[in-house]
Amino acid sequence: MNPQQSADTAGRPRIVVIDALRGAALLAMASYHFTWDLEFFGYVAPGLTAFGGWKLYARCIASTFLFLVGVSLVLAHGRGIRWPGFWRRLAMVVAAAAAISLVTRFATPDAFIFFGILHEIALASLLGLAFLRLPGLLTLAVAALVIAAPHYLRSPAFDHPALWWLGLSTIDPRSNDYVPLFPWFGAVLAGVGFARLAVSFGLVERLRHLALPRWLNPLVLAGRHSLAFYLIHQPALIACVWLFSQIMPAPAVSPQESFLSSCTASCQQSRDAPFCQRYCGCMLGELKNNALLERLFKGEQGTAFRQRIGDLASTCTVRTDEAMEEEKP
């Protein structure tokens, strides 16, 4: 998955610690994707992986991968960009990203991956070259600005689908893997800045000679072949869950039940359970009365539609707050 190597010049030994860290992140990613697959096939509650601890878990995994991309970029090209190797590995990542977009466009057209983590890695690897010679602290400062960018640059001017890859739209695109340039390029820059400081303080050379226990060899192997692992693991997991579903199908869940479960999980990130139960019931009723539920499940992203959903959410919030206030002794 990482387009770079863990060595900074040809002939120097790889830093196995980085391979092992990448391998551990791959296993964590596989565990998240397996849970997502269970949700997709109906074995766990709808919305489980989209909110709360699972959402944080997914973001930590993505941040780790992108941070290691920045670290490896410095190790591979910090003393001079080795263009043949860079272009070769970049081409592999771009081809893999394009293949994922193509496959998911047909498999899940309502939520296909148009700019996922491989797309981010490809673009960030190119942009990251501009920071290889900058002081580490300066790069870390830029990383902080990039990470915070959606909070101060988000604007309707970026709402056109052609600009969604920037991550600055007021619309949250529906995609099974959405890793836009902002804020995620910040994780790559953090890796670049950290690696530059690590080189300056001699930490890299110490890590280069650090040996790991043999039982960590599987992680090291996975980390060295991360792109292959990334491309293979999810189809394999989906195939396993699908085969299991042919033997023991998950209980059927109606669209209404699915909406209520997902709505409640989302609501409880900011409000208590009694409020969320009433609020989501109100939303379900309004969506059905206005013939919007099916359009919502299809992932409609139009501005007018989103405004209508927002108006209904505001109405249900007020109604729920008023009803609960009236019930207070």
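Mentor: Start with R271, whose charged end sits over the ring of F275, 3.7 Å from the ring centre. That label applies if NZ of Lys or CZ of Arg is within 6 Å of the ring centre and within 35 degrees of the ring normal. This is a predicted model, where local features need pLDDT of at least 70, side-chain atom pairs count only at pLDDT 80 or more, and totals for chains, interfaces and linings use all residues. Residues are numbered from 1 along each chain as its sequence is written, and side-chain values use heavy atoms, leaving out hydrogens and water.

Trainee: Which ring does the charged end of R105 sit over?
Mentor: The ring of F112, 5.1 Å from its centre.

Trainee: And how do I read two rings together?
Mentor: You describe the pair by the distance of the centres and the angle of the planes. Rings of Phe, Tyr and Trp (its six-membered ring) pair if their centres lie within 6.5 Å; planes under 30 degrees apart are stacked, over 60 edge-to-face, the rest tilted.

Trainee: How many aromatic pairs does a search of the whole structure find?
Mentor: It finds 15. One of them is W36 with F40, stacked at 5.3 Å centre to centre with 10° between the planes. Another aromatic pair, F112 and F114, is tilted: 6.0 Å between centres, 55° between planes.
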